[in-house]
Amino acid sequence: MTGPDRAALPEAPTLELRAVRAAYGRIEVLRGVDLTVGRGEVVALLGLNGAGKTTTISVCCGLMAPTAGGVYLAGRRVNGAAPDALARAGVCTIPEGRGVFPNLTVRDNLRMMSYTGRPQDEVEERAYAQFARLAERRNQLAGTLSGGEQQMLAMARALATEPALLLADELSMGLAPLVVEQLYEVVGTIAASGVSILVVEQFARTVLGVADRAALMANGRIVHTGNPHELSDELTAAYLGA
Amino acid sequence: MTELVEFTVLGLVLASVYAVAASGLVVTYTTSGIFNFAHGAIGMMSTFLFWQFTVGWDMHWALAMFIILVGIAPAFGWIVDRVIMRGLANTSEVTRIVVPIGLLFALLSLAPLIWRPTENRLVPPIFGRQLYDVLGINVTRHQLVVVAIAVVVALGLRFLLFKTRSGVAMRAVVDSRELTQLNGASPGRSSALSWALGSSLAALAGILIADQVGLEVLALTLLVINAYAAAVVGRLTSLPLTFLGAGILGLAQSYAVGFMPDTPAWLAERGIEASGALRTAIPVVMLFIVLLLVPHAPLRGGGIQRSREAAVRPDLRGSLIGFAVVIGVTVVLSGMLTEANLVAWGKGFAFALIMLSLVPLTGYGGQISLAQLSFAGIGAWAVATWGTNGSPLGLVAAIVAAAAVGAVIALPALRLRGIYLALATLAFAVFMERAVFTQQAVFGGSKPVSRPQFGPLELTSNRAFVIFMAVAFCAVGMGVVLLRRSRFGRRLQAMKDSPAACATLGMSLTTTKLMVFALSAAIAGLGGALLASLQRLASPANFDLLHALPILLLAVAGGVALVSGSLFGGFMLASFAIVPGWIPEGWEIAGFNARNSFSNLLLLLPAVLGVSLAHNPNGAAHEIGQQVRGVLARVRGATGEDEPDMVLPPRNVETLGVDRPLRDEDIAAVDTLLGLDEEVIGAAARSR
Amino acid sequence: MPLLEVADVSVRFGGHMAVEAATLSADAGSVTGLIGPNGAGKTTLFNVICGLVSPVHGRVRFDGDDITGTSTHQRARRGLARTFQRLELFGSLTVLENLQVAAEIPRRERRAPVATRVDAAVEQCGLGPFLHRRADVITTGQARLVELARALVTEPRMLLADEPASGLDSSETEHFGDLLARLAADGLGVLLVEHDVSLVMKVCSRISVLDYGKVIATGTPAEVRADQRVVQAYLGVPVEAPT
């Protein structure tokens, strides 16, 4: 089945947030977020702790319903859609702090990825081709992998399931810089295959190399959008209050 | 030596059945987060069905087993999860515990409606009595097959959970529900699958043990309660440990039968049958001990979670008027009712008092207890023992004894929360029923009770005593209303809302819990004492688990935070004894005695109300109150005060431009639109 | 001697070291800041200090006494109070009742009557306009003030404030900062975890910076701002760090 206005949609950006508000109980965290990720575009979302970056990701992937505003995927409003439905529709989300099941083996983690519709063999093949280390440890529990390996396993989902949109939250958290660099190489590879990407980072400079555009978030709003290199200078001031 | 081997084999057979039952419980609990109290009842129903198929309709046992284990039981589990249990999201722990108990009670009341208990039924050992020689002792083929089946279940579960994608998804839900969803799997489906699997295992356990236990509703249901201990050894999550727990439990029970010494004479002379009591109580004693070894759950700040339950502050003037009406109506009506109906009216107050004991404990303090009727039993025993010749000391003794036992039993249970606390109180209740109340030295079958006398005030007539009960209920009810407005009431409410904040402000949660447990037990004790006095008889039959379940169900269904809720529940329970009497004796509908059938049907009501909590967690009294308030407001022509007691987090269901959840076609549409087809991805790549 | 001392504290969650050999102190009569990137272990350290999490190693001392093994409510009775990042108000009670519950918790020492302490906190934090509303329907800004007031009625000597400005707008944040500064001037010790760095720089006399569970810098706001390691921790310039 195709939507009635399909003809009008190819121009619609992969992801668009329009005046999105969201709250935990009474604590309003998003206060009108407008953000666009175009087809094949890589957008970096930067900001301090508590600015609302992770909440923005949660709203995009369906884990949280916005209290107001709209979340649009390819021009269709998807507020309130279940996260698993969105995942099958091609939204791949790597949540903050290791997107792996610690008590499942590497292979079982990969097997879970086949719920997006890709055959299991294909998922495994692609994942092992990119990360040979995972193939060596396929029968090991994911929780016993090193932080970097866990993050690779999480990234394998973005590689192997061919999503339309990748949402990645703080890939570099708690990882050594060398590992972070490797991860961002993978992000670059995924971007080159045409996937639209929204990547959240606190460690600003690592992400600027792969981003087409950067947005700075503060207090539940996007306060600045632009060329990542322009934004770079504003970051020091924003982070350290100088 | 031969004896030891014999009892070991018997123990292993029992352990196998426990293992099958307990593994079903664990699978359901870990994946869906709901402890299925109805597990045993599902097994019981399935066993009756099996009898119906094989004996009743002469079906081959293998076909019957196939239909039940692969068809009916899993379908039932699936439906229960989809229709009832999924509604439990965002409800309080109490509701999540009470709803499955409602289901348990529903099945318990339904079974005798279908299979008349007067009929004698036998399930022969399915796999025959043919004897084999194992290690020098005779073992029946049935016993061998039962053990083999447990091994097959263990291997089968292992295969399912580790080698199939659906099984992996069930384990993934345990690790992280959210991440499971982000992988595109539906946790709802996993949870329904776990219910289907759990029900099937319950059915298997029931069918396997039926030849030993007999086809009896309660015995079959309670058998699985024994398996709780095995599941708790596995902390409700680990299957290998659950099997280990089942092994220990089965062997312990078997050895107890074989080798436990008889009760020493000096105890037996005093009417205490210690060793028999202990034998039957081993599973619950083990459950209690294992629960005490469960590691302490750390207090974590969870942020404010707005649950769907309302917390209403009782209105003082309204309560006073309400109590005056209750006493007034009782005084007037008691002059008009027949003696039988008068006693039923009085029972309403006794039940209401016992339910009232849950208001401070559960309604205000957020603690759960399945043992309130046991405290009532202690009250009944105390009034029978010390209230001789109308001494009012009997009532005092009932209150004190129940409070003391309540505090003592609360002490080890204080560190437990939620489902573990529920199980610990259940273990205590079953222990009291099996090992204490049955003792010759305690009730001695049943004990006569004389009604209390207060100086010149005679309460010998039913009418006088029922009015006295109304006054007693209203006095305690007023106390509970005032409690909510007092310092201690505020503390209880605070403890329910945020234990972490209470602790960081310097409140000792231990002391607070101990006090509320004692207070609640005291109220229940008074209720039990008044019930016994009304009947002039204290009998353990009033205080068993079968009677405890509707008390809890109706208390919560009536509204566990409200005094009016317990009055509603108490009278509903009491009315079950009267209403069927309005049907003329001897009426038959489709060959069934109308009066008996109707009274059985009535028992379904608490179950239905309990189950309905999944959809309306605030209880009936709250609902009625809301309706009345709404009508009054409309009559006054004004909207009521802005009462923000139940606000659901707004959840926009505007999906794809329509107000309904996503359907498969929608997903397919988004699939295409998002460019999962090569064409669009390719185009996007080129445009870069 | 500092009022609160955390010495060499480590916390492990499974295989992950949430806090590693952290040492810091806070004095009475001043606001001490504790900052660091997401996941650095700030809230975990707070939980260790107030006894909600036990450390695998290290000691917590309060007023010279070792309180490492004591329970949460015992620590509170010594004068240690806290607020929560994700608000922990008693939602089914009114704002006034929230304060009363806290004020009524018995203590060994003699204190002013409940009503006096409650009135003082209501006055100090400006709760008057919403005193009789239920705590689960007030705004975040109001709720943060109620949590602060609820801690104050216990007459603490040290207050642990966990991200009190999160969810507040800029004028509310400023107001909250002034309030903390005034309380400190009256003798209260405050340990402040906050991601609004401008607030921290304004009200704190000393700041500790936590990264990867370790304290990487301690000093005055000016010193911390100039510290290269801090800049690196925040901006992700390559720096030695464990995996």
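**Notes on the domain contact and one arginine**

1. Between domain 1 of chain C and domain 2 of chain C there are 2 residue pairs in polar contact, both at pLDDT 80 or more, a polar contact being a pair of N or O atoms within 3.5 Å, where within protein one must be able to donate a hydrogen and the other to accept it, and residues adjacent in sequence count only if both atoms are side-chain atoms. The count of salt bridges between these two domains is 0, with a side-chain nitrogen of Lys or Arg within 4 Å of a carboxyl oxygen of Asp or Glu as the criterion.

2. This is a predicted model, in which local features need pLDDT of at least 70 and side-chain atom pairs count only at pLDDT 80 or more, while totals for chains, interfaces and linings use all residues. Residues are numbered from 1 along each chain as its sequence is written, chains are lettered from A and ligands numbered from 1 in the order in which they are written, and side-chain values use heavy atoms, with hydrogens and water left out.

3. Domain 1 of chain C comprises 1-79 + 157-165 + 185-243 and domain 2 of chain C comprises 87-155, bounds that come from an automatic or database domain assignment. Their centres, taken over C-alpha atoms, are 26 Å apart.

4. A:Arg18, in strand 1 (residues 15-24) of chain A (strands are DSSP runs of E, at least two residues, numbered from the N terminus), lies 5.2 Å from A:Gly70, C-alpha to C-alpha, although 52 residues separate them in sequence. The side chains of A:Arg18 and A:Glu16 are joined by a polar contact of 3.3 Å.

Terms used. Helices (H or I, at least four residues) and strands (E, at least two) are DSSP runs, numbered from the N terminus.
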